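Please examine the sequence and the model displayed below.

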Amino acid sequence: MTTRKISLEDFAKDKTLSEHKRRSKEVARALDAKADVLPHARSFTSIEFEEFVTELTPKRFELLRLAIKRRRSIGDLATASHRDQSAVSRDVAKLQKLGLVKVETVANPGHGQMKIVTPVATRIAIDASLEAT
């Protein structure tokens, strides 16, 4: 298998790489400006955080990990996780409500439409202080 480096031309041609480049520049500018809040970061209050950690069950976390590898349909996620498609669909809806995935409906030639699940981030970081403010 041969590998090649990604070039600047690749970023210009590919929609996903181009969007990644644009967002990365926004974050870099905010870091340079010592901004209080970075663009594309999501913060939760303590109440939202409690809901977040209760809603992010091990099975939903597994769906995130499977979807991060490549864009997948709900049916594909169900097969990969050895779960019922309707249960995966409900879990994906919860992940979408939490803002962790995007769901896009696309044509499935000969079969109508299917929903494609894409995580909005490749990393979740938790920084919690136990001290009273």
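Predicted model: local features only at pLDDT ≥ 70, side-chain atom pairs only at ≥ 80, totals over all residues.

We begin with two helices: the axes of helix α5 (residues 74–81) and helix α6 (residues 85–97) cross at roughly 115° and come within 9 Å. Helices are DSSP runs of H or I with at least four residues, strands are runs of E with at least two, and both are numbered from the N terminus. An axis is a line fitted to C-alpha atoms, for helices over the stretch in contact, and angles between N-to-C directions run from 0 to 180 degrees.

Residues are numbered from 1 along each chain as its sequence is written, and side-chain values use heavy atoms, with hydrogens and water left out.

Which residues of α5 and α6 meet? Ile74, Gly75, Leu77, Ala78 and Ser81 in α5 meet Gln85, Val88, Ser89 and Val92 in α6, where contact means heavy atoms within 4.5 Å. By class, this contact of α5 with α6 has five nonpolar, four polar and no charged residues. Here Ala, Val, Leu, Ile, Met, Phe, Trp, Tyr, Cys and Pro count as nonpolar, Asp, Glu, Lys and Arg as charged, and the others, Gly among them, as polar.

Helix α4 (residues 58–69) packs with α6 at an angle of about 85°, and their axes are 10 Å apart. The helices α4 and α6 are therefore roughly perpendicular to each other. Lys59, Arg60, Leu63 and Leu64 of α4 make the contact with Val88, Asp91, Val92, Lys94 and Leu95 of α6. By class, the contact of α4 with α6 has five nonpolar, no polar and four charged residues.

The axes of α4 and α5 come within 10 Å and cross at roughly 115°, which makes α4 roughly perpendicular to α5. This crossing of α4 and α5 is right-handed. Glu62, Leu63, Leu66 and Ala67 of α4 touch Leu77, Ala80 and Ser81 of α5.

We now turn to the strands. Three strands form an open sheet in the order β1-β3-β2, with antiparallel pairing; two strands pair if DSSP finds at least two bridges between them. Why is one side of β1 and of β2 left without a neighbour in the sheet? Both strands stand at the edges, and each has a single partner strand, so one side of each has no neighbour there. Helix α4 packs on the sheet and touches β1, β2 and β3, its direction making about 95° with that of β3.

Strand β1 (residues 72–73) pairs with β3 over two bridges in the antiparallel sense, and Ser73 stands opposite Ile116 in β3. Strand β2 (residues 101–107) and strand β3 (residues 113–119) are antiparallel and pair over seven bridges. Val101 stands opposite Pro119 in β3, while the bridge partner of Ala107 is Gln113. The hairpin of β2 and β3 has five residues between the strands, and in this hairpin Gly110 takes a positive phi near 85°.

Note on methods: Parallel < 35°, antiparallel > 145°, perpendicular 65-115°, else oblique. Left-handed = near helix turned anticlockwise from the far one by under 90°.
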